[in-house]
Structures are given as structure tokens and as C-alpha cells.
Amino acid sequence: MRNKFYEVVWAIVRPIALLFHPIDVKGLDNLPEEPVVICANHSSNWDPILMILAMSQQTKLRIMAKEQLFRIPVVNAFIRKMGAFPVNRGHSDISAVRTSIQSLKAGFHLLIFPEGTRVRQPGKVSVKGGAAMIAIRSGVKMLPVFIGTTKKLFQRVPVIFGKTYAPVYTGRKGTAEEYQANAEEVMRQAYELGGVS
């Protein structure tokens, strides 16, 4: 089911946001119609906005976001209507995992920042295995995306979509070690898109 609120906000916000932070989108045709876990690097509060605006207005998207944002009443109502849902980053949040899997099975793409926080210097923060666990348990692929880490007013920010990545795992659900290895691999591919080793 399409999110009309999302589409209206997208149309209003896009020209304003892109005036300050224009984006150079590449590889968008790598985003398939079938649901995927979109895995992007995260260096700025602008990243979720630029990711949304890099995709089509009609994109069916759910966004995993830190629970602290949902404690602010006005922000809570707004981002929930935009398709975001909270995750407790410090614990194994079963509710967030369940919502993620249900969203993917309902045909939505799922946007996750696997590093779990803003990262100025790649490699300084450990990648979380949760994104791969969700992809494996949902039976979907992962999609690496690189968002430029340098954001200056009126200068273009690259948003580069890579090729879909099929997680490699054993058994029916995989193991914790396999979740971690797959999450690290998809983020390696994301940074590689931006020329970052």
C-alpha cells in the first residue's frame, strides 16, 4: 500500500533540501522492484533525507531509526507517518526485527544504517550484523549504497547505489558469525562505491 503522506512530503521537501545539498545519484537502476535491505554508510543527519530524495517519490520504503528520535512528540508523529520505526541500538530489539521482516514481506524496501551511528571516519565503528540477519530471515537481498561523507552547502553529494548482494549463509537461518560477515561485506561494498577502502 502506498504512503500518500510520504509522497506529499517528498514533493514538498525535495526542491528545498536539494537546493542546500544537491545530490548526484548513480546506479539507481540497481534498486530492484522486489524488496531489499538497503545498507548505507552514515556520516550526517542529512543522510536519511538524501537517501529518500535519491529514490522515486513512489518508492515503498520503511526506515529503521534510533529510538531517541521517537521520544520527541512532534518528531515521533512525523517520522512514523513517513514510514520510520524505532530500534533500541543497545539491545537485541525483537520488536524492531519483527517490524523489519513484516515490512519486507509486505513488499517494502528497508533502509538501515548498519554501523548504527554516524561515522566520520570509516572503519572506526564496528558494523552490526542485524541488517544481514533481517535480510536472511526475510529471504531478500541486500543493497549497498554510498553517501558522500563531505557535505558542504550547495555542493553536490554523491549517492551511489551498488549491485544487490545475496547473503551467504548455511542452514535455514544462518549463524551470528554469518550475519556479521555478511553485514561487513555489504558495507565494504558500500564504501568501495565511494572509493573508500
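Colleague: Let's start with Phe154: is this residue buried or exposed?
Modeller: In this predicted model, where residues are numbered from 1 along each chain as its sequence is written, local features need pLDDT of at least 70 and side-chain atom pairs count only at pLDDT 80 or more, whereas totals for chains, interfaces and linings use all residues. Side-chain values use heavy atoms, with hydrogens and water left out. Phe154 is exposed because its relative accessible area is 53%, where buried means under 20%, exposed over 50% and partly exposed in between, with a 1.4 Å probe and protein chains only.

Colleague: And where does Phe154 lie?
Modeller: Phe154 is in the loop between β6 (141-147) and β7 (157-161); helices (H or I, at least four residues) and strands (E, at least two) are DSSP runs, numbered from the N terminus. Although Phe154 is not a glycine, its phi is positive, at about 70 degrees.

Colleague: Which nonpolar patch on the surface has Phe154 in it?
Modeller: Phe154 belongs to a nonpolar surface patch with Val8, Ile12, Val13, Ile16, Leu19, Phe20, Ile49 and Leu153, and together these residues have about 830 Å² of accessible area. Such patches are made of residues with over 30% relative accessible area and no salt bridge, nonpolar side chains (Val, Leu, Ile, Met, Phe, Trp, Tyr) being joined within 5 Å and like charges within 9 Å. The areas come from the Shrake-Rupley method with a 1.4 Å probe, and for residues only the protein chains shown count as cover.

Colleague: What gives the most to that nonpolar patch?
Modeller: The most comes from α1, which gives six residues. Val13 is found in helix α1, and Val13 counts as partly exposed because its relative accessibility is 32%.

Colleague: Changing topic, how many salt bridges are there?
Modeller: A salt bridge is a side-chain nitrogen of Lys or Arg within 4 Å of a carboxyl oxygen of Asp or Glu, and by this rule the count comes to four. In one of them, Lys151 pairs with Asp47, with the closest N and O atoms 2.9 Å apart. Lys151 lies in the loop between β6 and β7 while Asp47 is in helix α2 (residues 47-54), so this pair ties together parts that are 104 residues apart in sequence.

Colleague: Are Lys151 and Asp47 buried or exposed?
Modeller: Both Lys151 and Asp47 are buried.

Colleague: Which salt bridge does Arg188 make with its side chain?
Modeller: The side chain of Arg188 meets that of Glu192 in a salt bridge at 3.2 Å, N to O. The two residues are four apart in helix α6 (residues 176-193), about one turn of the helix. Salt bridges that share partners join Glu185, Arg188 and Glu192 into one network.

Colleague: What about Arg71, which side chain meets it in a salt bridge?
Modeller: Arg71 forms a salt bridge with Glu67, at 3.1 Å from N to O. Arg71 is exposed because its relative accessible area is 58%, whereas Glu67 counts as partly exposed because its relative accessibility is 25%.

Colleague: Now His21, which residues is it in contact with, leaving aside neighbours within four places in sequence?
Modeller: With those neighbours set aside, His21 is in contact (heavy atoms within 4.5 Å) with Trp46, Leu50, Lys151, Lys152, Leu153 and Val157. His21 lies in the loop between α1 (4-20) and β1 (23-26), and it is buried because its relative accessible area is 5%.

Colleague: Where is the place of Val87?
Modeller: Val87 is in strand β4 (residues 84-87), and it is buried because its relative accessible area is 14%. Apart from neighbours within four places in sequence, Val87 is in contact with Met64, Ala65, Lys66, Glu67, Asp93 and Ala96. The C-alpha atoms of Val87 and Ser100 are separated by 10 Å, and these residues are 13 residues apart along the chain.

Colleague: And Pro86, what are its contacts, leaving aside neighbours within four places in sequence?
Modeller: Pro86 also lies in strand β4, and it counts as partly exposed because its relative accessibility is 25%. Its contacts beyond those neighbours are Ala65, Glu67, Phe70, Arg80, Asp93 and Ala96.
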